[in-house]
Amino acid sequence: MRGRNILEGVAILHETIHELHRKRLSGVILKIYFEKAYDKVKWPFLFQTLRMKGFAPKWISWVRSFIMGGSVAVNVNDDVGKFFQTKKGLRQVDPLPPILFNIVADMPAILINRAKEHGQVSGVVPHLIGGLSILQYADDTIIFMENDLEKARNMKLLLGAFEQISGLKINFHKSEVLCFGDAQDSLESYLELFGCKHGDFPLKYLGLPIHFKKLRNSDWKIIEERVEKRLASWKGKHLSIGGRLTLINSVLNSLPLYMMSFFALGS
């Protein structure tokens with residue numbers, strides 16, 4: 001998107017965590033994971049969201065015919081099963097569904113902002129950006145809450161309502177809670193409320209490790225692991241020297257550059 005950068009969200013998270021730690025402010029960070037996000041989107045919710053966003057009825061009818069038409073089949077080891085029609089979800093291999101999913105995934109931010117206006121939930125660092133409540137890039141979502149168990153319960157109810165109307169399922173068992181300041185005294189209460197595990201630093205967001213301290217050399221090992229993972233998937237392919245060089249230039253070079261575009265490389 002013109003004028004936007006993927007690292008903007010990373011910068012906001014990085015500065016927020018530093019502000020909470022440096023000034024010893026209280027706050028709770030909830031990193032949530034959506035379970036099989038594309039497969040669970042309810043079509044009526046998608047169409048209603050498009051109407052709320054101001055899309056024309058004709059455009060919505062095109063989207064309806066696109067996602068509801070056709071059939072799918074399951075391919076297991078080149079053995080294709082019988083074709084059947086789906087009742088919900090978006091096909092990830094098509095070019096349009098990622099855009100539609102982003103429109104659906106934007107609804108929690110709208111719901112949280114409305115609840116915030118009515119005093120049902122509150123964010124953190126209000127003196128900087130009016131109280132940050134949610135940071136979102138597609139399904140990579142982080143929620144910020146002040147140290148207030150009653151408002152945290154409101155947040156849990158709001159997330160549950162979003163699950164019911166959208167079809168998206170939040171995997172709270174994989175989600176993480178991190179507490180700052182006085183909120184650390186209520187850590188167990190927050191863990192029990194959301195059914196999450198206790199997160200640790202560095203916190204990974206959009207593929208980058210975020211910490212309130214300077215990254216250690218061991219934190220950069222993530223690049224080595226990603227390169228090894230990519231190389232392992234290429235071993236079984238019969239690639240020419242030129243093909244391997246192309247893959248290295250187009251894929252492997254970008255892995256360290258992405259992290260180095262935000263963090264200074266240590267000695």
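Ser175 is buried, with a relative accessibility of 0% (buried means under 20% relative accessible area, exposed over 50%, and partly exposed in between, with a 1.4 Å probe and protein chains only). The model is predicted: local features need pLDDT of at least 70, side-chain atom pairs count only at pLDDT 80 or more, and totals for chains, interfaces and linings use all residues. Residues are numbered from 1 along each chain as its sequence is written, and side-chain values use heavy atoms, with hydrogens and water left out.

Ser175 sits in the loop that runs between strand E7 (169-170) and strand E8 (176-180) (helices, H or I with at least four residues, and strands, E with at least two, are DSSP runs numbered from the N terminus). Leaving aside residues up to four places away in sequence, Ser175 touches Lys31, Ile32, Tyr33, Ile170, Cys196 and Lys197; contact means heavy atoms within 4.5 Å.

## The five-stranded sheet

Five strands form an open sheet with mixed pairing, in the order E5-E6-E1-E8-E9 (two strands pair if DSSP finds at least two bridges between them). The edges are strand E5 (134-137) and strand E9 (197-198); each has a single partner strand, so one side of each is left without a neighbour in the sheet.

The pairing of E8 with E9 is parallel and spans two bridges. Glu176 has Lys197 in E9 as its bridge partner. Lys197 is also among the residues that Ser175 touches.

## Nonpolar cores

The largest nonpolar core contains 45 residues, and those with the most contacts inside it are Leu30, Leu46, Ile143 and Val177. Such a core is a set of buried Ala, Val, Leu, Ile, Met, Phe, Trp, Tyr and Cys residues joined through side-chain atoms within 4.5 Å.

## Helix H1

Helix H1 (residues 7-22) has 16 residues and reaches 22 Å from its first C-alpha to its last, close to the 22 Å expected at 1.5 Å a residue. The expected span is 1.5 Å times one less than the number of residues.

The buried residues of H1 are Leu7, Gly9, Val10, Leu13, His14, Thr16, Ile17, Glu19 and Leu20. Just after the helix, Arg24 has a positive phi of about 55°.

## Salt bridges

There are five salt bridges in the structure (a side-chain nitrogen of Lys or Arg within 4 Å of a carboxyl oxygen of Asp or Glu). Side chains of opposite charge can pair when their charged atoms come close. Glu19, Arg22 and Lys23 are linked in a network of salt bridges. Between Glu19 and Arg22 the N to O distance is 3.1 Å, and both residues lie in H1, three residues apart, about one turn of the helix. Between Glu19 and Lys23 the closest N and O atoms are 3.0 Å apart. Glu19 is buried at 8% relative accessible area, Arg22 is exposed at 58%, and Lys23 is partly exposed at 42%.

Another salt bridge joins Arg153 to Glu150, with the closest N and O atoms 3.4 Å apart. Both residues belong to helix H7 (residues 149-166), where they are three residues apart, about one turn of the helix. Arg153 is partly exposed, with a relative accessible area of 39%, and Glu150 is partly exposed, with 47%.
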